[in-house]
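Have a look at the sequence and the model, and then we'll walk through them together.

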Amino acid sequence: MRRLIGSALTLAVLGAGYYGFQLQYPAAKTARACSGMLPVDSVLDLAGKSKLSLLGLGFDVSSWQFDVSDDVTEPAGLATRCKVDGIEIAVETTAGAHNAYAAYQNDERTTPVPLNGGWQGLMVTRDEESTASVLLSCKNWSPKEGGGILVTADSPYDVEATESIRLKLARAATGTAQRAAEKTGCETEPGGTGKLAAPAAGARTVSAGAATGTCKGMTSAPIVRETAAAKSPVEECVLVGSLRLVADYGPFSDASEAVVNGEYGGNDTPSGVDRSTAWTSATCQGALGVGYYEASTVEGNDRKFTSDPLTEQEQVDLEHFAEQSAARHGCGVPAKLTS
């Protein structure tokens, strides 16, 4: 009897030890991160680990939560940020979001490229590193309840963002968005993970007549720089040598540096012109909020629109850019440009 009891105790201790060891596996660590909202297989694939890996030593994982805004009552588990073996991911509500501009720094060197597969998302690649953002509207959430979900995910530190890494990052970001929606009860229409392809590393420069994406139909400049046209929360078209046209939606519009001054990308009026910007806007559905469309001068051009206003052709290009983008995102007709 003593031998049986001793054997049972030994097995219990070994079993507990084995269970505790299991909790240190990379898969188990990843499953607990970010309030359990990560797609384990996709994140491990991005980190270069197998789900079956037993080597958790040196596989560092940490998580913490934060508040987006005093005006937002976040669902349980949000907002959260975690680091998984050099990959940083944030999951938060779109209302009051902190991390929209972590991916997009609003300069000409960081062109947002859309995710495909029907996802409302983008990827920015700079200095051999990539960041992806995915936005989901939650039909059953009011703005005070968060409005929607924003996921921001970085590629691994010190790993070149090759085509393969960019595809894995897109899968990790979209998978996190879908898991977050499921965990928080967000009623949404996600894209299709099976249709994802690796986003391009940047924009392409073509003649205006050959443009088929965000610069399609532009006529005021002979050369343009564009990306594919899709449902990205930020879109760009550069009229080389003259203007940069940008469309911002949801937290990317709300999080503009001057938003405290007005809801239209930081302006009080739906359209207008100041020294450095000409803009218009449109009303959109759900977490997309206000669509904000602006023209500004390219880097190195000190033109002031108050003394050197948009030409008729440039104004037509901004209107056309805004109309095309608004239609892709299911928004209303942009406001008429005013001077």
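Let's start with two tyrosines: Tyr 249 is buried, and so is Tyr 293. Buried here means under 20% relative accessible area, while exposed is over 50% and partly exposed is in between (1.4 Å probe, protein chains only). What you're looking at is a predicted model, where local features need pLDDT of at least 70, side-chain atom pairs count only at pLDDT 80 or more, and totals for chains, interfaces and linings use all residues. Residues are numbered from 1 along each chain as its sequence is written, and side-chain values use heavy atoms, with hydrogens and water left out.

Back to the tyrosines. Rings of Phe, Tyr and Trp (its six-membered ring) pair if their centres lie within 6.5 Å, with planes under 30 degrees apart called stacked, over 60 edge-to-face and the rest tilted. That rule gives one aromatic pair. The ring centres of Tyr 249 and Tyr 293 are 5.8 Å apart and the planes sit at 75°, so this pair is edge-to-face. Tyr 249 is in the loop between β11 (243-248) and α6 (251-254), and Tyr 293 is in strand β14 (residues 290-297), so the pair ties together parts that are 44 residues apart in sequence. Helices (H or I, at least four residues) and strands (E, at least two) are DSSP runs, numbered from the N terminus.

Next, the sheet. Seven strands make an open sheet, ordered β8-β9-β10-β11-β14-β13-β12, with antiparallel pairing. Two strands pair if DSSP finds at least two bridges between them. At the edges stand β8 (204-207) and β12 (272-273), each with a single partner strand, so one side of each has no neighbour in the sheet. β12 is joined by two bridges to the antiparallel strand β13 (residues 277-283), and Val 273 stands opposite Ala 278 in β13. Helix α7 (residues 312-328) packs on the sheet and touches β10 (234-239), β11, β13 and β14, its direction making about 25° with that of β11. Contact means heavy atoms within 4.5 Å, and the angle is between N-to-C directions, from 0 to 180 degrees, of lines fitted to C-alpha atoms, for helices over the stretch in contact.

How many disulfides does a search of the whole structure find? There are four, a disulfide being a pair of cysteine sulfur atoms within 2.5 Å. Counting bonded cysteines along the chain, the pattern is 1-2, 3-4, 5-6, 7-8. Here are some of them:

| Disulfide | S to S distance |
|---|---|
| Cys 34 and Cys 82 | 2.1 Å |
| Cys 138 and Cys 186 | 2.1 Å |
| Cys 284 and Cys 331 | 2.1 Å |

The link of Cys 34 and Cys 82 is left-handed, with -105° about the S-S bond. For Cys 138 and Cys 186 the torsion is about -100°, so that disulfide is left-handed. Both Cys 138 and Cys 186 are buried. The link of Cys 284 and Cys 331 has 105° about the S-S bond and is right-handed. Cys 284 lies in the loop between β13 and β14 and Cys 331 in the segment after α7, so this pair ties together parts that are 47 residues apart in sequence.

Finally, confidence. pLDDT is the predictor's confidence in each residue, from 0 to 100. The mean pLDDT of the protein chain is 86, and 86% of its residues reach 70 or more. Over residues 1-23, pLDDT stays under 50. Where pLDDT is low, the predicted coordinates should not be read in detail.
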